[in-house]
Amino acid sequence: MNEIIKAMEERRSVRKFKPDMPSKSEIDQIIEAGLYAANGRGKQATITIAVTDKKLRDRISEDNRVIGGWQEGFDPFYGAPVILIVLADRNWPTAVHDGSLVMGNMMLAAHSLGLGSIWIHRAREEFERDDYKQLLADLGIEGEWIDIGHCATGYADGEIPQPAKRREGRVYYL
């Protein structure tokens, strides 16, 4: 079977990560895979923010937990040491589509490198806050951005879940 298709069939969301930090090379390869995602008219209207600093990662996790309404102590990033935040140009008509393809590429790249990943939402609520807008400004990021999501990644702690059986009746030919 083709390796790319095999990765698509085998990749699953991981909900328990080891605290070990992936290498910078692995993180860079995941990000690069996202940069090569298909995008509307070749505009490349997405950005990725790589969060590897534990203090900042924990702050984002806590903010995400509060937004999601979970109990204190819950980590919505499941212990993943790396959070790759994907944002897209709010004024670009295919922003959400383009950013979703970035997320998909990054999750497949993580899997191909032996890492786990999971797509976590609520970046919209985070980046509507003044402190997150300031974070963008501190990074020199200008413009209006829409959230796509967080790609939490790291080494899986345990077995990768098996895929569920695919439901019938979801493909139609004309």
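Which elements do the buried residues of α3 pack against? I started my notebook with that one. I am working from a predicted model, where local features need pLDDT of at least 70, side-chain atom pairs count only at pLDDT 80 or more, and totals for chains, interfaces and linings use all residues. Residues are numbered from 1 along each chain as its sequence is written, and side-chain values use heavy atoms, with hydrogens and water left out.

**Entry: helix α3**

I found the buried residues of α3 packing against β1 (46–51), β2, β3 (116–120), α5, α6 and β4. I take helices (H or I, at least four residues) and strands (E, at least two) as DSSP runs, numbered from the N terminus. Contact means heavy atoms within 4.5 Å. The buried set in α3 is R57, I60, S61, D63, N64 and R65. For burial I use under 20% relative accessible area as buried, over 50% as exposed, and partly exposed in between (1.4 Å probe, protein chains only).

I also checked the length of α3 (residues 54–68): its 15 residues should span 21 Å at 1.5 Å a residue, and the end C-alpha atoms are 20 Å apart, which agrees. The expected span is 1.5 Å times one less than the number of residues.

R65 sits in helix α3 and is buried, with a relative accessible area of 9%. Leaving aside neighbours within four places in sequence, I see R65 in contact with W70, Q71, E72, G73, F74 and P76. R65 and D75 are 10 residues apart in sequence and 6.7 Å apart C-alpha to C-alpha.

Y132 belongs to helix α6 and is buried at 0% relative accessibility. Not counting residues up to four places away in sequence, Y132 touches R59, I60, D63, E126 and F127.

**Entry: the cores**

Which residues touch the most other members of the largest nonpolar core? I noted I30, L84, V86, M103, M106 and C151, out of 20 residues in that core. The elements giving two or more residues to this core are α2 (24–35), β2 (82–89), α4 (95–112) and β4 (145–154). Of these, α4 gives the most, with seven residues. Apart from this core lies another, of 19 residues, among them V51, I60, Y132 and L136. By nonpolar core I mean a set of buried Ala, Val, Leu, Ile, Met, Phe, Trp, Tyr and Cys residues joined through side-chain atoms within 4.5 Å.

I then looked up C151: not counting residues up to four places away in sequence, C151 touches V82, I83, L84, M103, M106, M107, S117 and I118.

**Entry: the largest pocket**

I listed the lining of the largest pocket as R90, R124, F127, E128, K133, L136, I141, G143, E144, W145, I146 and D147. A pocket here is an open set of points on a 1 Å grid over the protein atoms alone, where a 1.4 Å probe fits, with protein on both sides within 12 Å along at least five of seven lines; lining residues have an atom within 4 Å of a point. The largest share of this lining, three residues, comes from β4.

**Entry: two positive phi values**

R41 has a positive phi of about 55 degrees although it is not a glycine. I place R41 in the loop between α2 and β1, and R41 is exposed, with a relative accessible area of 74%. Y78 has a positive phi near 55 degrees and lies in the loop between α3 and β2. At 25% relative accessibility, Y78 counts as partly exposed.
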